[in-house]
Amino acid sequence: MKTWRVLDLIQWTTEYFKRCGIPGPRLDAELLLSHVLDTSRLQLYLRFEMPVYPEHLAAFRELIKKRVAHAPVSYLTNRKEFFSLDFYVDSRVLIPRPETEVLVENVLQTQEPQCQLIDIGTGSGAIAISLAVNRPEWEMTATDISADALEVAQKNAVAHKCADRLTFLQGNLFEPLEELPNPRFDWIVSNPPYVSTAEYPSLLPDVRDHEPETALLAGADGLDVITCILEDAPRFLKPGGRVGLEIGHNHGPDVQDIVQSNSAYVGCQVINDYSGVERVVIATVE
Ligand SMILES: C[S@@+](CC[C@H](N)C(=O)[O-])C[C@H]1O[C@@H](n2cnc3c(N)ncnc32)[C@H](O)[C@@H]1O
């Protein structure tokens, strides 16, 4: 029987993924193999000649089959790095995207030592937990309509040792706040669903067929959730408070119009991501 070495497996799988139209075939092969061997990608490179045991081969083969059926690598490995932190993810939550780091970076420019912040639609907890790790003195609340997603966020908060500084609430947008005595925040942040019904069928199958629909879809123009957040946010902001939202690639002008037509807002900034796409909107109240 052929002895498969680490390098043989990476090369064979890369070619197979290429033939199956998997984007980033070499990276995916390396991530899946390092997961099966419980090691880092760097260690794979240092052990190219190492033979791989049959039980590891069998596990790797199963992951290859699932990847070819478009299961995202992060769901197969249960890991995704976001803002240099390691997050547990599974099919209950959206896989955090690098674009969302732009929102976190901009919120972290706030210099106030004390700050009350709420993350709406926290999913894996990527935004709230990255902020909590970097601003241990801030008071954070994180909400989601999905109880399943909140379980994942809580698990990540425990892993990053900030569970005691984060309050998790389940419910639709601002509804869970109605039970609190006088909720007022310096920051309301969100990466809400923003895919339009027209765009949804054309998403990559990895996304469309595997990530939660509630995390993606937001009505005919993708603006349903963004519009609701911008409408209600002023009631929950302190004077001078800000809403920071991730938006869809073509939403900049519409979102600016929504903010500018609401007299509660006195400022609106649109920020590009590192691909030059309008990605974050920050609206300020008086
Ligand atoms: C695009 S995902 C963002 C997840 C995470 N914040 C991130 O950036 O990776 C949107 C999240 O909003 C949640 N969500 C969708 N509609 C909601 C609503 N009406 N109220 C609260 N959360 C909602 C989804 O369950 C999902 O977790």
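Where is the place of D38 in the chain? D38 sits in the loop between α2 (25-36) and α3 (41-46), where helices (H or I, at least four residues) and strands (E, at least two) are DSSP runs numbered from the N terminus. The structure is a predicted model, in which local features need pLDDT of at least 70 and side-chain atom pairs count only at pLDDT 80 or more, while totals for chains, interfaces and linings use all residues. Residues are numbered from 1 along each chain as its sequence is written, and side-chain values use heavy atoms, with hydrogens and water left out.

The domain assignment divides the chain into domain 1 (6-69) and domain 2 (80-285); such bounds come from an automatic or database domain assignment. Between the C-alpha centres of domain 1 and domain 2 the separation is 34 Å. W12 belongs to helix α1 (residues 6-19). With a relative accessible area of 41%, W12 is partly exposed; in this scheme buried means under 20% relative accessible area, exposed means over 50%, and partly exposed lies in between (1.4 Å probe, protein chains only). W12 and V280 are 268 residues apart in sequence, and their C-alpha atoms are 40 Å apart in space.

Two residues other than glycine have a positive phi. For D38 the angle is near 55°, and the residue is exposed, with a relative accessible area of 72%. For N78, which is not a glycine either, phi is about 60°. N78 is placed in the loop between α5 (73-77) and β1 (80-82), and at 26% relative accessibility N78 counts as partly exposed.

The buried residues of α7 are A126, I127, A128, I129, S130, L131 and A132. Helix α6 (residues 100-107) is mostly covered, with 6 of its 8 residues buried. In α6 the buried positions are T100, V102, L103, V104, N106 and V107.

The salt-bridge count comes to 16, a salt bridge being a side-chain nitrogen of Lys or Arg within 4 Å of a carboxyl oxygen of Asp or Glu. One of these pairs is R79 with D86, whose closest N and O atoms are 3.1 Å apart. Both partners are partly exposed: R79 has a relative accessibility of 48%, and D86 has one of 35%. Another salt bridge joins the side chains of E178 and R235 at 3.6 Å, N to O. E178 lies in the loop between β5 (166-170) and β6 (185-190) and R235 in the loop between α10 (224-232) and β7 (237-246), so this pair ties together parts that are 57 residues apart in sequence. E178 counts as partly exposed at 48% relative accessibility, as does R235 at 45%.

A further salt bridge is formed by the side chains of R279 and D273, at 3.0 Å from N to O. Here both partners count as buried, R279 at 9% relative accessibility and D273 at 7%. Salt bridges that share partners also join R5, D8 and E49 into one network.
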